[in-house]
Structure formats: structure tokens, C-alpha cells
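Colleague: I would like a close look at one part of this model. Please keep it brisk.

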Amino acid sequence: MLAEIKNVSKTYETDSNKISVLDDINFSVEDNDFICIVGPSGCGKSTLLRIIVGLEKPTSGEVFFKGEVISSDNPKVAMVFQNFALFPWLTVQENIELVLESKKQGRELEKTACKYIKAVGLDGFEKVYPRELSGGMKQRVGFARALAVEPVLLCMDEPFSSLDALTSQNLKDELLMLWADANMPPDAVIMVTHNVEEAVYMSNRIIILSPRPGKVVADLKIELERPRNRKDPEFYRWVDKVYSLIV
Amino acid sequence: MIFPKATISEIIGLLEAVNDAGGVEDAARLAGDFDLELDEILPSIDGAELLGFATVTDGNIELTEDARKLLDAGIRERKKIIRDKVAGVEIIKELKNKFMESDEHRIKKEDALGFLQKNISTTDIESYFKIIINWTRHGGLIGYNSDSEEIYLMPGE
Ligand SMILES: Nc1ncnc2c1ncn2[C@@H]1O[C@H](COP(=O)(O)OP(=O)(O)O)[C@@H](O)[C@H]1O
Ligand SMILES: [Mg+2]
């Protein structure tokens with residue numbers, strides 16, 4: 001077992017009231033899991049992901065990574081954000097090298113950055129600033145930066161939802177190619193999305209959350225062969241099934 | 001001439017969708033699948049055609065052999081295929097020739113814009129410049145340095 005989410009609940013307190021956002025979430029993450037967490041907007045998906053990577057503390061419950069309580073500086077876990085979260089004053093290469101600085105130096109740092117720049121097809125864009133990049137290229141930087149730390153667990157929060165429909169299609173397929181490549185990290189992925197087709201297309205397991213406060217209402221294995229075809233009737237049976245479970 | 005305002009990622013996304021549909025798909029239906037209007041995907045269709053990845057007849061988009069090669073290839077091999085295709089686009093060839101004539105194989109963005117303006121009829125030449133640089137960077141052919149505002153031949157050329 002790679003990670004375990006155990007009895008995780010989260011309540012936000014504001015001056016006037018308390019909002020319960022997550023209610024007793026339990027599941028474990030195994031090697032080779034590609035998990036999509038789906039659920040309606042506001043049900044706590046992003047909150048859950050931030051708790052899983054240790055950026056936020058649960059109100060009660062715990063997240064274990066390889067048996068230890070997760071912390072935000074765990075180098076084996078990386079995150080990809082919806083809005084890319086790139087530093088505008090750094091080039092593509094510098095954005096990627098930045099996350100490596102605590103682990104590697106000099107030639108080795110450069111080599112690692114270069115390897116992941118190539119892996120995501122960003123070669124030729126090394127010296128470019130984010131403002132000059134299309135959304136698709138920005139998110140490739142997001143992927144390269146996350147992969148460069150060679151994480152065991154990769155977490156992604158709606159990584160395709162800021163992209164136009166065609167670019168998003170292209171990036172999903174490229175991400176799946178990287179996932180299929182045994183020489184590439186990570187060992188497992190957790191991806192948050194509100195798009196059911198996307199979840200069925202990408203994942204081998206879908207965890208469905210209820211409206212707020214988010215509870216796990218289903219944990220489904222998606223038994224569809226890869227590469228998947230969105231036009232396949234079998235594909236649509238799965239999509240229908242997931243929709244039927246969403247409240 | 002007109003030049004399609006579509007990035008390489010959008011064009012490949014379109015090819016992937018046509019491929020899912022069995023290699024031929026009606027343009028309007030494909031737009032519908034993405035919840036887009038037909039005119040929102042037209043630039044990508046034109047781009048796919050210009051790069052030799054698709055043929056279009058009576059609103060039907062059909063993948064070419066090269067498109068199939070592209071889709072079967074890994075991310076790194078895709079770059080090589082894109083490079084060959086982008087290098088063959090007439091206006092990009094001419095742009096390249098323009099700075100092969102210059103001393104340091106680099107030219108000012110202004111001059112590149114001037115050249116493009118003469119060839120593409122538009123009031124928004126900046127966005128075409130962006131698209132062309134998107135294509136040539138993907139192909140590893142022509143880069144752009146936004147500090148010095150110069151375009152240059154990329155290493156390996
Ligand atoms: N820091 C915070 N303080 C107070 N409320 C918050 C905070 N972060 C999120 N929330 C609330 O928690 C709920 C779940 O948010 P979120 O996890 O972003 O949902 P999702 O990603 O599923 O759309 C929302 O109602 C949101 O307003
Ligand atoms: Mg969210």
C-alpha cells in the first residue's frame with residue numbers, strides 16, 4: 001500500500017459558522033492506481049487533495065504515505081495545479097530547475113530538468129517565459145515540473161480544465177503515454193476532476209464523492225482496455241454508470 | 001493568404017478525436033462532441049490540412065497516413081514528424097530564408113512582423129506571429145527571444 005486516507009474529515013470555521021466540507025473519507029492508494037476523484041463542484045475535492053499532499057491538515061483523521069503521516073515537504077509526492085502555478089519571471093527551464101534545487105546541483109540538476117523537458121515535448125521551449133506560452137504548453141511545464149522530482153505519487157487538481165477542448169484532448173493522451181511508460185515516474189496518480197468522461201477515459205479507479213460535505217459514495221474499478229476510445233459503446237456504458245452514482 | 005490560427009496541441013487534439021471516430025469524421029459532428037461551434041474548430045482543421053495530416057472533402061475530415069504515423073508515435077518521435085511538416089510550410093520556409101540572408105541568422109521581430117504582414121491579410125499580425133512561433137518552436141526550427149525581441153534559427157538547424 002502506497003498511501004492511506006483514514007477517517008479524514010474537514011470543517012472550516014468562519015466567524016459566524018462552521019462548514020463541514022469532508023466527512024469521514026477512507027480509501028487506500030495502491031501501486032499502479034490511477035484514481036480519479038469526481039463529485040459536484042464544492043464537494044471538497046480540492047480540499048481532499050490538499051490534505052492528501054500535506055498542504056492542509058484534516059480536522060480529524062490522518063493521511064499515511066508508506067506508513068508515515070504525510071507532510072508537505074514529502075519529496076515523493078508532487079502536485080499539478082489547474083492554473084499551472086508557474087513563476088512568470090522564470091523561464092520554462094528555470095521553473096523546472098527551481099523544484100530540484102533542494103535535491104540536486106549543477107550538472108545533475110540540469111540533466112534531470114532536461115530529461116523531463118524532453119519527456120513532455122517541451123524541448124525548444126527551454127528559454128521561453130510563461131507569458132509566451134499557450135495554455136497547453138504551460139500545463140506541460142506543470143507536468144514536467146511535477147515529474148522532475150520523480151514522485152511516487154502524483155496528484156493533479158483539474159489539470160485540464162483551464163485548457164480549450166482540443167488542447168485538453170491532446171494533453172490527456174500525452175499524459176497517458178507518460179503513464180504507460182515504465183521508465184517514468186510516478187507509481188500512482190490521484191486526479192481530481194468534475195468531468196465524468198475524462199475520469200472514465202483516464203483512470204482505472206473512480207472515487208465518487210457526494211455533495212458537500214463530501215463522503216465516498218462509490219469506489220469503482222474501471223475495467224476498460226487501453227487505449228480507450230471515447231466513441232466505444234462500452235466506454236459510454238461506464239460513463240452512464242458513473243453518472244448514475246453521482247447524486 | 002490566410003494562415004490557420006491554431007496551436008500544434010489543438011491540431012493534434014483534433015487528429016486524436018478524428019482517430020477515435022475511426023479516421024474519418026464530419027466536422028460539424030466533431031465540433032458538437034466538444035461542445036464547440038464549427039467555426040471554433042475550423043482553424044485546427046485548416047492547420048491539420050496545411051500540415052498534411054488531414055484532407056477535407058464535403059465537410060468530412062479524413063486522416064492521412066502521416067497523421068496515423070504521428071498518432072502512433074511517442075511524444076519525442078512526434079516532434080520529429082512535426083518538424084518535417086512545419087519546415088515544409090511555404091511561409092515558414094520564406095521566413096527562414098529571410099534570415100539565412102542576414103548576418104547572424106537572426107532578425108528583429110519587427111522585421112518578421114513586416115514580412116508576415118505582407119503575406120497574411122490581417123489587422124492582428126501579432127497573434128499570427130505567436131502561432132507561427134508556436135509551430136516553429138514545436139518543430140525546433142525557429143525560436144524567439146522576447147528579451148532581445150529577435151527570432152533566430154534554433155540549434156541543430
Ligand atoms: N480555506 C477555506 N476556508 C473556508 N472555506 C473553504 C476553504 N477552502 C474551501 N472552502 C469551502 O469548502 C468547500 C469545498 O471546496 P473545494 O474543496 O474547493 O471543492 P471542490 O474542489 O470540490 O469544488 C467549498 O464550499 C469552499 O467554499
Ligand atoms: Mg476544486
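Modeller: B:Gly140 does, with a phi of about 65° just after H8(B). This is a predicted model, in which local features need pLDDT of at least 70, side-chain atom pairs count only at pLDDT 80 or more, and totals for chains, interfaces and linings use all residues; side-chain values use heavy atoms, without hydrogens or water. Residues are numbered from 1 along each chain as its sequence is written, with chains lettered from A and ligands numbered from 1 in the order written.

Now the helix itself. Helices are DSSP runs (H or I, at least four residues), numbered from the N terminus.

H8(B) is largely enclosed by the rest of the structure, because 12 of its 14 residues are buried. Buried means under 20% relative accessible area (1.4 Å probe, protein chains only). Among the buried residues are B:Ile125, B:Tyr128, B:Phe129 and B:Trp135. The buried set also includes B:Ser127, B:Asn134, B:Arg137 and B:His138.

For context, look at the cores. A nonpolar core joins buried Ala, Val, Leu, Ile, Met, Phe, Trp, Tyr and Cys residues through side-chain atoms within 4.5 Å. The largest has 56 residues; A:Phe34 and A:Met156 are among those with the most contacts inside it. Helix H4 of chain A (residues 135-148) gives this core the most, 7 residues. A second, separate core of 50 residues includes A:Leu166, B:Ile8, B:Phe34 and B:Leu116.

Conventions:
Helices (H or I, at least four residues) and strands (E, at least two) are DSSP runs, numbered from the N terminus.
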